[in-house]
Amino acid sequence: MATKTTTTTAASGKKPALSADEQQKIVSGFQALRDEQTQLVQKTQDLEMDLKEHDLVLSTLSTITDKQRRCYRMIGGVLIEHTVGEVVPALQANREQINNVIESFKQKTEEKGKELANYKQKYDIHFSHERPTQQQTNKSANNNNESGIAKKEPQDSGVLVEKDT
């Protein structure tokens, strides 16, 4: 990803310009946080698929009235023979544990989202599609001047992250 910063000197009352290394560290930190959040979401989705599989198996086994009927359970890639009566409680316990982990991952994902938002705000990070173009800024300034609202100058400090094309 290419980064751009437009900063002014401290004499004008705004943040001092960041060096290229500082900019790269900020962008790298932001990308690392996004990657962590993406991994949490992916793990949550995988576990939700496992949970659905557990539900499917449990619903199928609930129709069987003979608790001594033979069934097979795959553990670590190995099929092990059990009875329905032995497998159902184990599956229910696994389902509960998976559900708890999913809730934990969802909470961590939410916390990571807040951390990302704080990081974006702290370093004034904007994606190229989030920052208005000069044309849009001029149009809104003209609209504000016509309506009698004081014109607010756009901030020139921060890190702009653009997608490579």
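Is aspartate 124 buried or exposed? I looked this up and found aspartate 124 buried, with a relative accessible area of 10%. My cut-offs: buried is under 20% relative accessible area, exposed is over 50%, and partly exposed lies in between (1.4 Å probe, protein chains only).

A note on the source. I am reading a predicted model, where local features need pLDDT of at least 70, side-chain atom pairs count only at pLDDT 80 or more, and totals for chains, interfaces and linings use all residues. Residues are numbered from 1 along each chain as its sequence is written, and side-chain values use heavy atoms, leaving out hydrogens and water.

Next I located aspartate 124: the loop between helix H2 (84-123) and strand E4 (125-127). Helices (H or I, at least four residues) and strands (E, at least two) are DSSP runs, numbered from the N terminus. Phi of aspartate 124 is near 50°, a positive value in a residue other than glycine.

Then I followed H2 itself. H2 has 40 residues and reaches 57 Å from first C-alpha to last, close to the 58 Å expected at 1.5 Å a residue; the expected span is 1.5 Å times one less than the number of residues. Its buried residues, including Val84, Leu91 and Phe105, pack against helix H1 (20-62), E2, E3 and E4. Contact here means heavy atoms within 4.5 Å.

Last, the hairpin. Strand E2 (residues 70-75) pairs with E3 in the antiparallel sense over 6 bridges; pairing needs at least two DSSP bridges. Two strands, 2 residues between them, and glycine 76 in the turn has a positive phi of about 60°. Leucine 79 sits in E3 (residues 78-83) and counts as exposed at 56% relative accessibility.
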